[in-house]
Amino acid sequence: MGVEQKLGNMGVVTTTLETAVNWARTNAMWPMLFGLACCAIEMMSAQAANYDMSRFGMELMRPSPRQSDLMIVAGRVSRKMAPVLRRLYDQMPEPKWVIAMGDCASCGGVFNNYAIVQGVDEVVPVDVYVAGCPPRPEALIHGVMTLFEKVKGEKFKDLVKA
C-alpha cells in the first residue's frame with residue numbers, strides 16, 4: 001500500500017520559497033533574555049504555564065546572543081548599559097528582530113534624566129513596541145504576534161543589503 005492510497009485525493013500542496021522560509025522563521029524564533037527592570041518579571045511570566053509562549057515556538061529564552069534571533073528589551077536602559085546592549089545585538093545572527101517592551105524601553109518612561117536612554121531605538125533598531133508600565137504578558141504575546149505578521153510579509157528582495 002503506497003502513500004497515494006493512504007492520503008486519498010487530497011491534491012498537491014504548493015507554496016513559494018519566501019512563504020516557507022518566513023513560516024519557518026516565525027515558528028522557530030528564539031528570544032534572547034534581556035530583562036533590565038520590572039518588565040522582565042512580566043516577560044518571564046509570559047513563558048510560564050498560564051501564557052505559555054512555547055506554543056509559538058519560543059521554547060526557551062536564550063542567554064546567548066549567538067543562539068537567538070529576537071531580542072526583547074524589557075525595562076529601562078541606562079547609558080552604561082547601552083554599549084552592552086549594542087554589542088549583544090551585533091553578535092546576534094541575521095536575520096534579527098527587536099521588541100521594545102514597556103514604556104521605559106520605548107521612550108524612557110518616567111525616567112526623564114541624563115542617565116536613562118530615552119528609547120532603546122537610539123541604540124538598536126526596533127521592530128515592535130509593546131506599551132505599558134509594565135505591560136501584561138498578554139501585551140507581550142500580542143507584540144510577538146505582531147512581529148510574526150511583519151516577518152511573514154518580508155520579501156527576499158527587501159532583505160538584500162546594497
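In the predicted model, aspartate 90 is partly exposed, with a relative accessibility of 44%. Its side chain meets that of arginine 86 in a salt bridge, with an N to O distance of 3.2 Å. Arginine 86 is likewise classed as partly exposed, at a relative accessible area of 32%. Both residues belong to helix α4, and because they are four residues apart, about one helical turn separates them.

This pair is one of six salt bridges found in a search of the whole structure. Another joins arginine 79 to glutamate 122, whose closest N and O atoms lie 3.5 Å apart. Arginine 79 is located in the loop between β2 (70-74) and α4 (82-91), whereas glutamate 122 is located in the loop between α5 (103-107) and β4 (128-130); the contact therefore ties together parts that are 43 residues apart in sequence. Arginine 79 is partly exposed, with a relative accessible area of 43%, and glutamate 122 is also partly exposed, at 48%.

A further salt bridge links lysine 96 with glutamate 94, the closest N and O atoms being 3.8 Å apart. Here, lysine 96 is buried, at 12% relative accessibility, while glutamate 94 is exposed, with a relative accessible area of 53%.

Nonpolar side chains also contribute to the surface: Leu33, Ile41 and Met44 form a nonpolar patch that has about 290 Å² of accessible area together. Of these residues, methionine 44 is placed in helix α3 (residues 39-47). Methionine 44 has a relative accessible area of 46% and is thus partly exposed; patch membership requires over 30% relative accessible area.

Technical notes
Residues are numbered from 1 along each chain as its sequence is written. This is a predicted model: local features need pLDDT of at least 70, side-chain atom pairs count only at pLDDT 80 or more; totals for chains, interfaces and linings use all residues. Side-chain values use heavy atoms; hydrogens and water are left out. Patches are made of residues with over 30% relative accessible area and no salt bridge: like charges are joined within 9 Å, nonpolar side chains (Val, Leu, Ile, Met, Phe, Trp, Tyr) within 5 Å. Accessible areas come from the Shrake-Rupley method with a 1.4 Å probe; for residues, only the protein chains shown count as cover. A salt bridge is a side-chain nitrogen of Lys or Arg within 4 Å of a carboxyl oxygen of Asp or Glu. Helices (H or I, at least four residues) and strands (E, at least two) are DSSP runs, numbered from the N terminus. Buried means under 20% relative accessible area, exposed over 50%, partly exposed in between (1.4 Å probe, protein chains only).
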